[in-house]
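Here are my notes on this one, jotted down as numbered points. Have the structure open while you read.

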Amino acid sequence: MTLKTEINTPEMDERVEAAAHAYFAGREYDYLSTYYEHGQWWLTFVPTNPDADDELYSVVDAEGGDSVDGFDFELVT
């Protein structure tokens, strides 16, 4: 069985990005960017606050909790 986060298609990119926008809806940010690398999806989150560091997230398959459309976001940096 292939995990959603291991599928590299434009449609999956759209799903990951939509889930990320919903997940981070309460935070202010300049942009977020999804990309596929090393066999999985990743997310770069750039906060609006110029003093805050950019954040890198691993996109993971998940159910329940804070997950959105079967995705959760694990902070790496």
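1. Start with how the helix packs: the buried residues of α1 sit against β1, β2, β3 and β4. Bear in mind throughout that this is a predicted model.

2. Which residues of α1 are buried? They are M12, V16, A19 and A20. These cover an arc of only 100° around the axis, so they fall on the same side of α1. Turn to the other side of α1 and you'll find P10, E11 and E14 exposed.

3. Now the helix as a whole. α1 takes in residues 10-23 and lies across β1, β2, β3 (55-61) and β4, running at about 70° to β4. Its length checks out too: at 1.5 Å a residue, the 14 residues of α1 should span 20 Å, and the end C-alpha atoms are 20 Å apart, so the two agree.

4. On to the sheet under discussion. It is an open one, built from 4 strands in the order β1-β2-β3-β4, with antiparallel pairing. β1 (29-37) and β4 (71-75) are at the edges with a single partner strand each, so one side of each has no neighbour in the sheet. On average, neighbouring strands here are turned by 30° against each other, ignoring direction.

5. Last, a closer look at one strand pair. β1 and β2 (residues 40-47) run antiparallel and are joined by 8 bridges. If you want a spot to check by eye, find Y31: the residue standing opposite, in β2, is V46.

Technical notes
Residues numbered from 1 in each chain as written. Predicted model: local features only at pLDDT ≥ 70, side-chain atom pairs only at ≥ 80, totals over all residues. Heavy atoms only, no water. Pairing = 2+ DSSP bridges. Helix = DSSP H or I, 4+ residues; strand = E, 2+ residues; numbered from the N terminus. Axes fitted to C-alpha atoms, helices over the stretch in contact; angles between N-to-C directions. Contact = heavy atoms within 4.5 Å. Expected span 1.5 Å × (residues − 1). Buried < 20%, exposed > 50% of the residue type's maximum accessible area, 1.4 Å probe, protein only. Arc of directions from axis to C-beta.
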